[in-house]
Each structure stands twice: as structure tokens, then as C-alpha cells.
Amino acid sequence: MKYEIKGDTLPVVICSVEKGESMITERGAMAWMSPNMKMDTNARGGFGRALGRMLSGDSIFQNKYTATGGPGLIAFASSFPGSIRPFEIGPGREIILQKCAFLAAEESVELSVHFHKKAASGLFGGEGFILQRLSGQGTAFAEFDGHVVEYNLKPGQQLVIDTGHLAAMEASVQMDIQTVPGLKNMVLGGEGLFNTVLTGPGRIWLQTMPISNVAGAIQPYIITGN
């Protein structure tokens with residue numbers, strides 16, 4: 001499989017696949033494709049994995065597209081202004097994603113649920129108790145909100161981030177929370193009660209415009225009727 005990512009604020013990844021090769025994706029992600037791409041919808045991996053995908057923000061069913069009769073082309077588009085990032089998944093190269101970030105992948109990549117080891121990190125850290133895990137072998141694509149900034153944390157190196165800005169991290173990175181110091185800072189600072197603390201080693205990807213922040217910014221301008 002070969003791919004090309006086009007576009008800035010509303011990107012799309014265009015994949016060229018050989019005969020017999022398959023891509024998996026969530027519902028509604030396919031933008032366009034060649035007529036020889038055969039679609040098959042199923043609860044991939046059985047009930048347990050399908051339920052885990054639902055808990056992590058995706059649908060129970062996945063779509064599989066297979067090139068028949070020759071090479072094929074298929075494109076997957078972003079659903080929100082932001083970025084599409086490729087990940088090379090393999091043994092020791094598992095990736096943890098924010099909920100709903102998974103876009104598409106080669107069939108050999110497994111999408112499953114990821115639970116925080118520390119419940120408090122999930123309940124108060126702003127990323128959710130349940131995230132997505134990419135494992136297996138192959139190329140996967142994830143969509144993030146806004147621009148993406150990448151850091152490579154050394155062993156023991158930490159970074160404190162605000163709620164919602166974690167897009168993805170390598171499975172070797174540890175995630176925890178810390179309370180915002182000082183009652184005045186909590187009440188008047190506008191940053192909430194907790195921050196997320198990431199500890200290396202491993203790479204992390206941070207997003208500049210979480211969709212939750214966008215929703216909060218436009219909420220005062222939305223006129224609701226009775």
C-alpha cells in the first residue's frame with residue numbers, strides 16, 4: 001500500500017492498494033474510491049473487540065475495502081479541521097489514541113480498547129478512561145484536531161498538558177494527573193482542576209485545537225429555542 005496525504009485544514013489520505021489488499025475504516029470515513037474496491041461491513045474481531053471499539057468512541061461495525069481484479073484507489077477524509085497522521089505499527093510500536101481518532105488502516109492492524117492503569121487519570125485527566133490502541137503490523141492513519149506538535153520524551157522526562165490536548169502517545173509513555181496548585185488558580189485560572197502529566201520514554205503527539213474547546217468557545221453564540 002502506498003499513500004499520499006493532501007490538504008491542510010481539511011486533509012484527506014489517498015491510498016493506492018494492490019490487487020487483494022484491504023483497508024479497514026470506521027463508518028463514513030471513505031471519501032472516494034475506484035469502482036473495483038469491494039466493501040464489506042462486519043463486526044471485525046468478534047463481539048468482544050467490537051464492544052471495545054464502541055466503548056472507545058467508534059462503531060461496533062467496521063468497513064473493509066478490498067481491491068478486486070487489479071490495483072485500486074481509496075481516499076479517507078478528515079471529519080473536522082485538523083491533521084491526518086500516519087503511524088507504522090509493529091511489535092513494540094503500539095500507539096494509544098484519543099477517542100474517535102482512528103481513521104483507517106491496513107487490514108493487518110488491530111484496533112482495540114485501551115484502559116488507563118490508573119482510574120484517576122481517566123476520570124479526571126480529560127482524555128477519558130477508555131482510549132484506543134493500535135497494534136498488529138502495518139500502516140494506520142489517525143485524525144487529530146487542529147495542528148499537531150510532536151515531542152520525544154526521554155526516560156523520566158515529563159510534560160504537563162491541559163485537558164484534551166493529548167492526541168496520541170506511544171504505549172511506553174505513562175499518563176497521570178496532577179491537581180492545579182492553589183485554590184485561586186483552580187477557581188479563577190480557567191484551566192480546570194486537573195492537568196495531565198505524561199512521563200517518558202516515548203513519543204507523544206499534542207493537538208492545538210481540541211473539538212471540546214471549539215464547542216465551548218461557540219456555545220455562547222448558539223441560540224437555542226424552546
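**Figure 1. Overview of the chain.** Buried residues make up 43% of the 226 residues of the protein chain. The model is predicted. DSSP runs give 4 helices and 19 strands. Take the contacts between residues at least 6 apart in sequence: 78% of them join residues at least 24 apart. The chain exposes about 11700 Å². Carbon and sulfur atoms supply 57% of that area.

Figure 2. In general, strands of a sheet pair through backbone hydrogen bonds, either parallel or antiparallel.

**Figure 3. Close-up of the strand 4 and strand 7 pairing.** Strand 7 covers residues 72-77 and runs antiparallel to strand 4. The two strands are joined by 3 bridges. Follow M33 across to strand 7: its bridge partner there is I74.

**Figure 4. P86 and its contacts.** P86 sits in strand 8 (residues 82-89). Its relative accessibility is 31%, so P86 counts as partly exposed, between the 20% and 50% limits. Set aside neighbours within four places in sequence, and P86 contacts Y3, I5, A140 and F141. A142 lies 56 residues away from P86 along the chain.

**Figure 5. The largest nonpolar core.** This core holds 18 residues. F87, I95, L97, L134 and F144 touch the most other members. Six elements are listed as giving two or more residues: strand 8, strand 9 (95-97), strand 10 (102-106), strand 11 (109-115), strand 13 (138-145) and strand 16 (166-170). Strand 13 gives the most, with 3 residues. A second, separate core has 14 residues, including V13, A67, F76 and A104.

**Figure 6. The surroundings of F144.** F144 is one of the core residues that touch the most other members. Which residues does F144 touch, not counting those up to four places away in sequence? They are P81, G82, S83, R85, F87, L97, Q98, A101, A167, A168 and Q207.

Figure 7. The structure holds 0 disulfides. Is C15 buried or exposed? C15 has a relative accessible area of 0%, so C15 is buried, under the 20% limit. C100 has 42% relative accessibility and therefore counts as partly exposed.

**Figure 8. Backbone features in two loops.** Most residues other than glycine have a negative phi, and most peptide bonds are trans. C100 has a positive phi of about 70°, although C100 is not a glycine. C100 is placed in the loop between strand 9 and strand 10. The peptide bond from G200 to P201 is cis, with omega near 25°. P201 is found in the loop between strand 18 (194-199) and strand 19 (202-207).

Note on methods. Residues numbered from 1 in each chain as written. Predicted model: local features only at pLDDT ≥ 70, side-chain atom pairs only at ≥ 80, totals over all residues. Heavy atoms only, no water. Pairing = 2+ DSSP bridges. Buried < 20%, exposed > 50% of the residue type's maximum accessible area, 1.4 Å probe, protein only. Contact = heavy atoms within 4.5 Å. Areas by Shrake-Rupley, 256 points an atom, 1.4 Å probe, with all protein chains shown as cover. Core = buried A, V, L, I, M, F, W, Y, C linked by side-chain atoms within 4.5 Å. Disulfide = S-S within 2.5 Å.
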